[in-house]
Amino acid sequence: MSILENVPDNWITAEIGSINCYKSMGINPSENPDEIFELYSVPSFPTGKPELLKGSEIGSTKQCVEPGDVLLCKINPRINRVWKVAPKGLYRQIASSEWIVIRQKLIDTDFLRYLFSELSFRDLLCSDVAGVGGSLTRAQPARVSKYEILVASLEEQKEIATRLDKLLAQVGSIKLRLDKIEEIIKRFRQS
């Protein structure tokens with residue numbers, strides 16, 4: 001079944017490139033060695049928090065990002081890594097070049113984050129990579145910009161994102177409880 005079947009009439013399809021307002025702006029943090037940067041890197045993704053590093057500790061050119069930008073990891077795309085840049089704090093926000101940055105102020109960024117994490121989008125992303133395999137595969141930004149996505153009305157986007165937030169919070173809570181069951185059973189057996 002195609003993702004485009006059974007779509008509400010008020011939803012539209014759009015190419016990612018046609019809605020992406022991001023204009024790449026590089027920065028070499030080492031030119032500001034004492035400045036602290038908020039760095040969205042692939043290694044820090046599992047922690048859920050960007051790294052705070054001095055410019056002298058960052059070894060290569062990065063890209064400037066803004067709050068609400070959605071970052072889609074192009075390295076080894078079979079691993080589902082989609083990040084939303086946090087609200088502005090004390091430091092300039094930058095991201096490694098391993099992220100495709102999507103900026104669109106008229107689309108709910110949480111909706112985009114969930115859309116890019118969704119299974120059919122991930123399958124598409126993984127089916128169209130360059131590289132020899134495994135961790136050496138890369139999604140190609142020019143190709144990704146041609147992918148069509150479904151866009152609901154802004155009101156529906158917010159509702160979808162809110163419901164998914166609630167469901168995933170429940171899943172997280174249930175997982176924590178399930179993880180504790182093994183320990184409870186072990187103590188029960190010991191007693």
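# Exercises on a predicted model

Tyr40, Phe45, Trp83 and Trp99 form one aromatic cluster. The model is predicted. Work through the exercises with the structure open.

## Exercise 1: Aromatic rings

Classify the pair Phe45 and Trp83 by the geometry of the rings, then locate both residues in the chain.

**Solution.** 

Step 1. Recall the two values needed. A pair of aromatic rings is described by the distance of the centres and the angle of the planes.

Step 2. Check the distance. The centres of Phe45 and Trp83 are 5.3 Å apart. The cut-off for a pair is 6.5 Å.

Step 3. Check the angle. The planes stand at 90°. Over 60 degrees counts as edge-to-face, so Phe45 and Trp83 are an edge-to-face pair.

Step 4. Locate the residues. Phe45 sits in the loop between β3 and β4, and Trp83 in strand β7 (residues 82-84).

Step 5. Trp83 is buried, at 7% relative accessibility.

## Exercise 2: A second ring pair

Describe the pair Phe121 and Tyr147. Are the two residues buried or exposed?

**Solution.** 

Step 1. The ring centres of Phe121 and Tyr147 lie 6.0 Å apart, with 75° between the planes. This pair is edge-to-face.

Step 2. Phe121 belongs to helix α3 (residues 119-127). Tyr147 is in the loop between α4 (141-144) and β12 (148-151). The separation is 26 residues.

Step 3. Both Phe121 and Tyr147 are buried.

## Exercise 3: Salt bridges

**Solution.** 

Step 1. Confirm the contact. Nitrogen and oxygen of the two side chains are 3.8 Å apart. The limit is 4 Å, and Glu66 and Lys105 form a salt bridge.

Step 2. Place each partner. Glu66 lies in the loop between β5 (62-64) and β6 (70-73). Lys105 lies in the loop between β9 (99-102) and α2 (109-117). Because the two are 39 residues apart in sequence, the bridge ties these parts together.

Step 3. Glu66 is partly exposed, at 35%. Lys105 is exposed, at 57%.

Step 4. Now try Asp165 and Arg113, another salt bridge, at 3.9 Å from N to O. Asp165 is in helix α5 (residues 154-190) and Arg113 in helix α2, so parts 52 residues apart are tied together. Asp165 is partly exposed at 34%, and Arg113 is partly exposed at 21%.

Step 5. Contrast this with Arg187 and Glu183. Their closest N and O atoms are 3.5 Å apart. Both sit in helix α5, 4 residues apart, or about one helical turn.

Step 6. Look for shared partners. Glu66, Asp69, Arg103 and Lys105 are joined into one network. The total is 12 salt bridges.

## Exercise 4: The sheet

In what order do the 5 strands of the open sheet lie, and which are the edge strands?

**Solution.** 

Step 1. Read across the sheet: β2-β5-β8-β3-β4, with mixed pairing.

Step 2. Find the ends. β2 (26-27) and β4 (51-54) are the edge strands, each pairing on one side only.

Step 3. Zoom in on β4. Strand β3 (residues 36-40) pairs with β4 in the antiparallel sense, over 4 bridges. Within this pairing, Leu39 has Glu51 of β4 as its bridge partner.

Technical notes. Residues numbered from 1 in each chain as written. Predicted model: local features only at pLDDT ≥ 70, side-chain atom pairs only at ≥ 80, totals over all residues. Heavy atoms only, no water. Pairing = 2+ DSSP bridges. Buried < 20%, exposed > 50% of the residue type's maximum accessible area, 1.4 Å probe, protein only. Phe/Tyr/Trp six-rings, centres within 6.5 Å; stacked < 30°, edge-to-face > 60°.
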